[in-house]
Amino acid sequence: MSGSKWVGQAVKRVEDGRLLTGRGGFVANHQVANLHHAAILRSPHAHARINRIDASRALALPGVATVLTAEDVGRMSDPFVNITGPVRYYSSAVGTARFVGEPVAVAVARSRYIAEDALDLIDVEYEPLPAVLDQEAALAPDAPILHENLGTNLCVRRTFSFGDADKAFAEADVVITEKFRFPRYSHFPMETYGVIASYDPAARLLTLWANFQGPFIIHTVIARALRMPQNRVRVIVPGDIGGGFGLKTSMYPYMVLLGLAAMKAGVPVKWIEDRREALTASSSHADRVTYMQAAVRNDGTVLAIRTRNIDNVGGYIRTPEPANLFARFSAMTGAYKIRNVQLDLSAVMTNTSLTGPVRGYGGHPLYFALERTMDLIAARLGLDPAELRLKNFIQPQEFPYTTATGGEYDSGNYPECLRRLLSLARYDELRARQRAARDEGRLVGIGLATIVDPCVTNIGYIALAKSQAERAQRRPMSGSGDVGVVRIDPNGDVVVLATSVPQGQGHETIITQIVADELGVPMERITVLAQVDTLASVWGITTGSYSSRFSSVGASAYAMAARQVRAKALKLAAHFLEVAEADLEWKDGAAVVRGAPDKALPLRAIAGAAHWNQTSLPPGMEPNLQATYVFNLPTSRPPADDDRANTQNVYGFGAELALVEVDRTSGVVRILEYCAVHDCGTVLNPSHVRGQVHGAVVQGISGALFEQMRWDESGQYLTASLQDYLMPTAMEAPEIKMDHVVTPSPNTVLGSKGIGEASSMAAPVTIANAVADALAPLGVTITSLPLWPDTVWRMLREAGC
Amino acid sequence: MNTSVVRLHVNGHAIERNVEVRMLLSDFLRDEADALGVNVACEQGACGSCTILLDGVPARSCLAFAVQVDGADILTIEGLASDDTLHPLQEAFRDHHALQCGFCTPGMLLTAYEFLSRHPRPSMNEIRRALSGNLCRCTGYQQIVEAVHDAATRPVPRAANGGDR
């Protein structure tokens, strides 16, 4: 590496020029000739047979081009594939609607206004069926069954055992048993889903513009549902996406639905999801019931955990679910040396909206149960919660560390992170402040969470949904590859092609920093194109913007592509200067003869020769000056026969602390202090890291205190507007004191890991632990979220307060 | 179809269109006035992304019909910068990493711009309160508040007509 002039600096973003002036390339701003507009008719019932759809009145409305009905969808497409098998999930309800908001028909018209008028003229005959909304109720013998062909609402259940948990529980001094509930909420971004679909019947080519986080495995899922070859489904992701947070990986049913509508209408069709639709029927993480047991020695050593997770995946299990159960499998024991683990993991369908990847993906419910349990252990044994964690941490000299479940943690220094957190927070002073407050009768609490941030999904993880015997029948899956393309144009300017479109993470800037360092050229000489076109881009089955992969494997791919370009440039320079390669060094964007700085060839000249004088190149060398690098991690192996699996590849760490006060009269929880210390490996841009932590902490706090998706007992959705679904404003966002520890990852080229998801997983339980600590003198414990004022008020009343 | 002629001044340019009376101001600005920087995120009046200045006052363009504001003077994000020169507030946003995806940013900037014109030296808390009608999902707000606080200390450029921009 030619030296870090740019990487690690708080470089200002190249994206900002256009975003600050209203020139963002969001999909809603995209123009296509003869564009029509779609509106979606949705089921008002949580569970109902669809007996008849009559669109004749809608079709008679002037300006309406067509109506696509559920019957069309069932005829024109196949169900989406899913690893668990037979659930028939289409882009609209087909025959039966299974959650409020499920699409039933699509009206296509000259304007969105007319399309919505048309919805009122579509007559649907529903036969309501009993609905079930809770995953445990859905498992009861008398529960309404959502999918008759399955005969049960359970789509997958797998059990695992590592080490000897039974022996550990028999030998334990103390056993902690608790049931936890993690709620349904979602990281809804400001920009909703948007799809423009255009079908060319002559070429039999469907073009879909969408603010999609893929392509990854989802592109194959889309193509198969449409019964089209992959190279006839062209997905173009425009250069700006207004937030994704995982939800825009799961917009594929709408991509298919609008594709079908465009095929039927014979005109290009645009659909921009509105807020009501987004809150009702886009995506969220699964809510979870956890039965947890921990076997503990009196000295605080945690010997074993038994975890039963029951996830609610909504009306249909949809790819990549049941990943909510398995994506974080490698980190089920978090930051601790717990060698004996029993897991019982289930995914259950209910008449609620559908789930998928969301920032943290399975990590927030995992750490809610684990970190609450650590605090329960501390309370039972009379130990300080920080001391308990220090005692159980994987130690710095033990890396690389393989967890009981097969996770290969690459690097870390957990005790140092926690010590820095306690120092940053002035922990002893906070405890003294708490004691003084308690003397005054105030309910003040301190909560901690220490979590491992697993980054970069290994696609092999999804096979854990199948037993080892079933896996042996299928092709193994593995990998986490990402692609970087670096090209030097004939005039010597640099182009980098990114293979995923970020949703605000500043990839263009980071890529520019990396390539500027590798090639020794100023940032202004580099143009990054972060737009995906599945026909024009080089991509792979794991390429996309998800699971914090950009700053680790993505960054590695761009660095390696730039290094390959540099290596070729050196070879060419040696050839033209007639010196040995060993006599050259790369300095400030030029090949320079060691000790003879006037004998140099700048990149511009080398590129010129490679383009303009192609036959003068060394024998066997291709013209042009470019490189495509696909970076994969060798740690992304398929699950082993004993089910151990390294489901992620690069492991960061976060330690967070909150000081809260609970108002006795109103139950309102106020955050007085919030501190976070993170290890994301090599820091690529410190202001980006700060922004990611702030954003994720506020989102996590919101999950603890404000946001919840709710349905009533008949399955009616109650939080379809921002007046009902509370998102935090600037007034609710705390100031966060931050510090960092850096343990570079040996797995990535620059040593960088991920940062975007850590606080999303840590903050909810940090708040829960703080509130539990505040209410501990009253004997109240916290086992679920959110902690709304009336929820807390009820707890206080029941405790006699 | 009930239509009516709407005349507006948008970013200093006169626009006259004959549109449906039910057309929202946000759609008018985007579809008829080339103001694609007006981002629509909720159409429920809750999030503030579609905020524009209506006769100098911040307003949610998704909650008005175009016909309701016939004759008004409207500033959208496209009118904040001057040719190629960013307004100091926009510069401060870039300096402080006050935007990530950028979708809430136009509304956030216009709200902050109008607030600073009335409160030249606000505290961090006053800024938070002023921006509490603009939702952001990416930043956690801290760097936005820091940017506005810093922008308040920067000189405001004079507009061509001699008034402050």
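This is a predicted model: local features need pLDDT of at least 70, side-chain atom pairs count only at pLDDT 80 or more; totals for chains, interfaces and linings use all residues.

Colleague: OK. Where is A:Gly194 placed?
Modeller: A:Gly194 is in strand 9 of chain A, which covers residues 194-200.

Colleague: Is A:Gly194 buried or exposed?
Modeller: Buried. Its relative accessible area is 0%, and buried means under 20%.

Colleague: Which residues does A:Gly194 touch, leaving out those up to four places away in sequence?
Modeller: Seven names to note: A:Val27, A:Trp209, A:Ala210, A:Asn211, A:Met251, A:Trp271 and A:Ile272.

Colleague: How far apart are A:Gly194 and A:Trp271?
Modeller: In sequence, 77 residues. In space, 5.7 Å from C-alpha to C-alpha.

Colleague: New topic. Where does A:Asn685 sit?
Modeller: In a loop of chain A. Strand 28 (669-679) lies on one side of that loop and helix 19 (686-705) on the other.

Colleague: And is A:Asn685 buried or exposed?
Modeller: A:Asn685 is buried, at 1% relative accessible area. Its contacts, not counting residues up to four places away in sequence, are A:Gln9, A:Ala10, A:Val11, A:Thr509, A:Ile510 and A:Gln513.

Colleague: What is the mean pLDDT of chain B?
Modeller: It is 94, and 95% of the residues in chain B reach 70 or more. Over residues 160-165 of chain B, though, pLDDT is below 50. That stretch still has twelve contacts in the model beyond near neighbours in sequence.

Colleague: Last one. What ipTM does the complex get?
Modeller: The predictor gives an ipTM of 0.96, with a pTM of 0.97.

Key: Residues are numbered from 1 along each chain as its sequence is written. Chains are lettered from A and ligands numbered from 1 in the order in which they are written. Side-chain values use heavy atoms; hydrogens and water are left out. Helices (H or I, at least four residues) and strands (E, at least two) are DSSP runs, numbered from the N terminus. Buried means under 20% relative accessible area, exposed over 50%, partly exposed in between (1.4 Å probe, protein chains only). Contact means heavy atoms within 4.5 Å. pLDDT is the predictor's confidence in each residue, from 0 to 100.
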